[in-house]
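Dear colleague,

I am passing on the structure below, together with some notes on what was found in it. Please keep it open beside the text while you read.

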Amino acid sequence: MVAQVIDGKAFAAKVRAQVADQVTKLKEENGITPGLAVVLVGEDPASQVYVRSKGKQTVEVGMNSYEHKLDPETSEDDLLALIDKLNNDPAVHGILVQLPLPKHLNEDLVINSIDPAKDVDGFHISNVGLLGTGQKSMVPCTPLGCLMMLRDHHGSLSGMDAVVIGRSNIVGKPMAQLLLGDSCTVTIAHSRTKDLPDVVRRADIVVAAVGRPEMVPGDWIKEGATVIDVGINRIERDGKNKLVGDVDYASAAERAGAITPVPGGVGPMTIACLLANTVTACCRANGLSEPEGLTA
Ligand code: NAD
């Protein structure tokens, strides 16, 4: 079998177009422009790239982007004061604090100071609890993007065996909750899992979110399974810098029914889902019905 490639880049463009339509509607029918505030503390080069890209895409879909770049030495009190201001600003519908934060700042405290209704990353403890109990919440962007691609490919996921490799709060755990919400039988595998190959071989859906280059070889993949590769790993091969996933793409594509490439799979969906979450938050804040297909 040669796997169908799930094109995350094209899918993300479709999501952005849906968001842009919704933004136009909000402006024309309600006089509201959704706004996303991104807070960056410090000068981490990767974070700077992400923040720039988020700001650019926010503006491209017609929303307002508010960037707050703070000194690396910013105190916790000053950061919390800024978040409080954004929480109370009616022009701001989504707030994202770029992680990781400098070591002197308490990440949990900072994230939990964001108004849960504006927590477009879905990391606030209230949103984690709401997702865990199957209630309406803000859903973390990367797992939401994975879910959208899976639903698009399969229609219903009901009854499928899903294995999520990785148990992080950002990807693995919320991904497992979402799959459970769609009635999959879910296994969460991690660094202490016994006989990982055997666990993965049972899966109709494999989501790999580990951060180890090409650790899942093709012969772990059940014939016809759908493989979602969240991993982004920079390696050097043949004297060149390359991005690879957690799955060995070449061998997995020979057995899978469908697979996301790296790059061009899950990655582009993450920012698209951030924009989707912002428009959803804006609709909820204004008591308007939510756009179809942009949330879990
Ligand atoms: P993390 O380091 O927080 O978690 C990694 C998880 O992998 C842990 O739960 C650990 O138990 C598990 N693990 C480690 N070694 C293992 C092994 N040998 N076998 C099985 N499980 C093992 O990482 P994260 O934040 O969840 O990110 C995972 C990967 O996804 C990284 O490559 C990251 O760059 C990528 N990522 C991509 C996006 C995107 O937009 N595409 C977003 C977030 C993360």
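In this predicted model, a polar side-chain atom of serine 168 lies 2.6 Å from an oxygen atom of the ligand, a polar contact in the sense of a pair of N or O atoms within 3.5 Å (within protein, one must be able to donate a hydrogen and the other to accept it, and residues adjacent in sequence count only if both atoms are side-chain atoms). Threonine 270 also places a polar side-chain atom 2.7 Å from a ligand oxygen atom, while isoleucine 232 uses a backbone N or O atom, which lies 3.1 Å from an oxygen atom of the ligand. Of the 870 Å² of accessible area that the ligand has on its own, the protein covers 71%, with areas taken from the Shrake-Rupley method and a 1.4 Å probe.

As for the numbering and limits, residues are counted from 1 along each chain as its sequence is written, and side-chain values use heavy atoms, without hydrogens and water. Because the model is predicted, local features need pLDDT of at least 70 and side-chain atom pairs count only at pLDDT 80 or more, whereas totals for chains, interfaces and linings use all residues.

The ligand has 21 residues around it, of which Arg167, Ser168, Val230, Ile232 and Thr270 come nearest; a residue is near if one of its heavy atoms lies within 4 Å. This shell divides into nine nonpolar, ten polar and two charged residues, where Ala, Val, Leu, Ile, Met, Phe, Trp, Tyr, Cys and Pro count as nonpolar, Asp, Glu, Lys and Arg as charged, and the others, Gly among them, as polar. Helix α10 (residues 266-285) gives the most to the shell, with three residues; helices (H or I, at least four residues) and strands (E, at least two) are DSSP runs, numbered from the N terminus.

Elsewhere, helix α1 (residues 8-30) packs against helix α6 (residues 141-154) at an angle of about 100°, with their axes 11 Å apart; axes are lines fitted to C-alpha atoms over the stretch in contact, and angles run from 0 to 180 degrees between N-to-C directions. The contact (heavy atoms within 4.5 Å) is made by Gly8, Phe11, Lys14 and Val15 of α1 and Met148, Met149 and Asp152 of α6.

Finally, the backbone deserves a look at some loops. The peptide bond from leucine 99 to proline 100 is cis, with omega near 0°, and proline 100 is found in the loop between β4 (94-97) and α4 (107-111). Another cis peptide bond joins valine 262 and proline 263, the latter in the loop between β11 (258-259) and α10.

With best wishes
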